[in-house]
Amino acid sequence: MADGLVFAVIDRLTRQHPGIQFQAVTGGGPPLFDELTKRKVEFVISRMTEAAAEEYLVVETLFHDSWVVAAGLQNPWTRRCTLELVELSNEPWVLPADGFGSALVAEAFRAIGLKPPKTSVATMSLNLRNRLLATGRFLTMLPGYSVKFRDRYPPLKALPVKLPDSRAAVAVVTLRNRTLSPVAQLFIETMRMLAKQLKLAEPTKL
């Protein structure tokens with residue numbers, strides 16, 4: 001989330017309001033929701049399902065998104081108009097070290113009767129992942145919306161590969177009956193606007 005829409009919102013707001021300040025905390029879902037309930041953060045941006053929403057949370061879906069196989073623009077696979085997942089079996093992959101990306105890749109390959117490819121690099125470092133993708137050698141799996149940012153580094157392209165359904169809601173999560181600060185409200189309003197500009201799904205309520 002920090003590498004895509006959150007970055008875009010911070011970039012826009014700090015240009016419009018030079019004196020504004022943010023503290024961005026990154027991590028897995030449960031630790032971030034713990035920070036939310038302890039009122040150490042005002043809101044969380046996360047992939048969510050209705051079943052995961054506790055009674056004390058307010059979940060506003062910004063859009064729905066699926067994961068894609070992606071590569072840097074220098075990668076030869078980006079020049080293909082059609083592509084079968086089996087063709088990527090022996091390619092080097094860089095995936096999240098928390099296992100979520102690796103699990104999605106494994107599920108996709110098993111769905112077509114193949115063993116999952118070996119993860120060449122497992123890391124939680126976006127800098128390392130991006131540097132590897134920029135070489136044009138590595139593949140990764142990430143949320144589809146994150147390849148829509150033209151000014152991102154490195155420029156990425158989603159490959160025309162069919163994957164098992166991984167569609168999920170990307171939502172802003174707040175505490176019920178907690179009044180947000182003006183800066184937090186401005187951040188969320190800007191995120192809604194950018195989601196529409198990127199032609200993502202219209203906001204709905206869970």
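Is S146 buried or exposed? At 5% relative accessibility, S146 counts as buried; the cut-offs are under 20% relative accessible area for buried, over 50% for exposed and partly exposed in between, with a 1.4 Å probe and protein chains only. Keep in mind that this is a predicted model, where local features need pLDDT of at least 70, side-chain atom pairs count only at pLDDT 80 or more, and totals for chains, interfaces and linings use all residues. Residues are numbered from 1 along each chain as its sequence is written, and side-chain values use heavy atoms, with hydrogens and water left out. Helices (H or I, at least four residues) and strands (E, at least two) are DSSP runs, numbered from the N terminus.

**Around S146**

- S146 sits in the loop between β6 (139–143) and β7 (156–158).
- Its side chain reaches the backbone oxygen of P143 at 2.6 Å. A polar contact here is a pair of N or O atoms within 3.5 Å; within protein, one must be able to donate a hydrogen and the other to accept it, and residues adjacent in sequence count only if both atoms are side-chain atoms.

**Strands and how they pair**

- Strand β6 is largely enclosed by the rest of the structure, because five of its five residues are buried.
- Strand β3 (residues 67–72) runs antiparallel to β6, and five bridges join the two. Strands pair if DSSP finds at least two bridges between them.
- Strands β4 (residues 93–95) and β5 (residues 119–122) run parallel, joined by three bridges.
- The chain gets from β4 to β5 through helix α3 (residues 100–111), and this β-α-β crossover is right-handed. That label applies if, with the strands pointing away from the viewer, the path from the first strand over the helix to the second runs clockwise.
- L95 has A122 in β5 as its bridge partner.

**Aromatic pairs**

- A search of the whole structure turns up four aromatic pairs. Rings of Phe, Tyr and Trp (its six-membered ring) pair if their centres lie within 6.5 Å; planes under 30 degrees apart count as stacked, over 60 as edge-to-face and the rest as tilted.
- One of them is F22 with F187: the ring centres are 5.6 Å apart and the planes are at 70 degrees, so the pair is edge-to-face.
- This pair links distant parts of the chain, 165 residues apart: F22 is in the loop between α1 (5–16) and α2 (29–37), and F187 is in helix α5 (residues 182–197).
- F22 is partly exposed, with a relative accessible area of 30%, while F187 is buried at 5% relative accessibility.
- W93 and F109 are also edge-to-face, because their ring centres are 6.3 Å apart and their planes are at 80 degrees.
- W93 lies in strand β4 and F109 in helix α3, so this pair ties together parts that are 16 residues apart in sequence.
- W93 is buried at 0% relative accessibility, and F109 is buried with a relative accessible area of 0%.
- F22, F43 and F187 form one aromatic cluster.

**Nonpolar cores**

- The largest nonpolar core has 21 residues, and L5, F43, I45, F63, F187 and M191 touch the most other members. A core is a set of buried Ala, Val, Leu, Ile, Met, Phe, Trp, Tyr and Cys residues joined through side-chain atoms within 4.5 Å.
- Which elements give two or more residues to this core? They are α1, β2 (57–65), β8 (168–175) and α5.
- The largest share of this core, six residues, comes from α5.
- Apart from this core lies another, of 18 residues, among them W77, V105, M141 and V161.
- Not counting residues up to four places away in sequence, I45 touches M1, V6, V170, A171, V172 and M191. Contact means heavy atoms within 4.5 Å.

**Other residues to look at**

- N130, found in helix α4 (residues 126–134), is buried with a relative accessible area of 6%.
- N130 touches D3, R152, Y153 and P154, again leaving out residues up to four places away in sequence.
- R39 is not a glycine, yet has a positive phi of about 60 degrees. R39 lies in the loop between α2 and β1 (44–48) and is partly exposed at 48% relative accessibility.
- N177 has a positive phi too, near 65 degrees. N177 is in the loop between β8 and α5 and is exposed at 79% relative accessibility.
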